[in-house]
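Trainee: I am new to this structure and would like a close look at a single part of it, followed by a connected account of what surrounds that part. Please take your time over the answer.

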Amino acid sequence: EGLILLFGLMIVGFTLSKAFPMVLTRFKNISHTSFIFNNTNGENHFDSGYNKNEWSSTSTRLALWQCGKEVWLEHPVLGTGLGDIRNALKEKYTEKQFWFALDSNRNLHSQYLDVLVSMGIVGLVLFLVIFIVYPVKIFLTQKQTLALSVFICFALCLLTENMLDRYQGEELVALILPLAVKVFDRREETP
């Protein structure tokens, strides 16, 4: 059974690579993990050809995360403060001559790292307990598998995106998660 599954996945992968060749460009971008902070070239989007001299989404995130880590190490316990993270990041981008991030006003592209930098280790622990551990515990206790699945996907997205910094991310939390819980409740009520 394992070999059949592996063979099937290989066929699907080959077919998709032939049908959607630009997807392969995206995977080339993922492998581009080196960066030079003062590189002023733009970002290499997956719908254009691969150019190792441009920033990829991976190299951009790695550079942003390194800057975030350095800012956090300056304020490890309580962070920079909620209103001061942007200024602290801009100072770090300037110090490192990370002009691409400075010019495009980049955030950290990780909600967890953003919380860590702005509120320190204390804030991250509180965030994890209140927004991750407690909801997962509730969903497991109530056997809310759909809501748990949606929430886990959301929690994983927070690794590489600042979803709660944007209106769309707040909508996702406010609308989609309660909807996933309610769908499960409706199934329970149906005779």
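Of the 18 residues of α1, how many are buried, and does the helix lie largely in the open or under cover?

Mentor: Let me begin with a caution, which is that this is a predicted model, and everything that follows should be read with that in mind. Of the 18 residues of α1, one is buried, so the helix lies largely in the open. Helix α1 takes in residues 2-19, and at 1.5 Å a residue it should span 26 Å, which agrees with the 26 Å that separates its end C-alpha atoms.

The chain has eight helices and zero strands, so that, read from the N terminus, its elements run α-α-α-α-α-α-α-α. Of the 191 residues in the chain, buried ones make up 34%. Among the contacts with a separation of 6 or more, 63% are accounted for by residues 24 or more positions apart. The accessible surface of the chain comes to about 12,100 Å², and carbon and sulfur atoms hold 67% of that area.

In α3, however, the list of buried residues includes S57, T58, S59, T60, R61, A63, L64, C67, G68 and V71, whereas in α1 the number buried is one.

Apart from its neighbours within four places in sequence, N39 is in contact with N53, W55 and F100.

A search of the whole structure finds six salt bridges, and one of them joins K92 to E70, with the closest N and O atoms 3.4 Å apart. This pair links distant parts of the chain, as K92 is in helix α4 (residues 85-96) and E70 is in helix α3, 22 residues apart. The two partners fall into separate classes of accessibility: K92 is buried, with a relative accessible area of 5%, while E70 counts as partly exposed at 21%.

E70 also meets the side chain of K96 in a salt bridge, at 3.1 Å from N to O. Here again distant parts of the chain are linked, with K96 in helix α4 and E70 in helix α3, 26 residues apart. K96 is partly exposed, its relative accessible area being 22%.

K92, for its part, also forms a salt bridge with E95, at 3.3 Å from N to O. These two are three residues apart in helix α4, and are therefore separated by about one helical turn. As a rule, an α-helix has 3.6 residues a turn, so residues three or four places apart point the same way. E95 is exposed, with a relative accessible area of 54%. Taken together, E70, E74, K92, E95 and K96 are linked in a network of salt bridges.

Away from these charged side chains, there is a nonpolar patch on the surface, formed by V77, L78, I121, V122, V125, L126, L128, V129, I130, F131 and V133, which together have about 960 Å² of accessible area. One of its members, V125, is found in helix α6 (residues 111-141), and V125 counts as partly exposed because its relative accessibility is 46%.

A last point concerns the cysteines, where the count of disulfides comes to zero. The sulfur of C153 has its closest cysteine sulfur in C157, 6.7 Å away, and this is too far for a bond, because a disulfide needs the two sulfur atoms to be within 2.5 Å. C157 is likewise in no disulfide, the nearest cysteine sulfur being that of C153. Both residues count as partly exposed, C153 at 48% relative accessibility and C157 at 38%.

Key. Residues numbered from 1 in each chain as written. Predicted model: local features only at pLDDT ≥ 70, side-chain atom pairs only at ≥ 80, totals over all residues. Heavy atoms only, no water. Helix = DSSP H or I, 4+ residues; strand = E, 2+ residues; numbered from the N terminus. Buried < 20%, exposed > 50% of the residue type's maximum accessible area, 1.4 Å probe, protein only. Contact = heavy atoms within 4.5 Å. Areas by Shrake-Rupley, 256 points an atom, 1.4 Å probe, with all protein chains shown as cover. Expected span 1.5 Å × (residues − 1). Patch = residues over 30% accessible without salt bridge, like charges linked within 9 Å, V, L, I, M, F, W, Y side chains within 5 Å. Salt bridge = Lys/Arg side-chain N within 4 Å of Asp/Glu carboxyl O.
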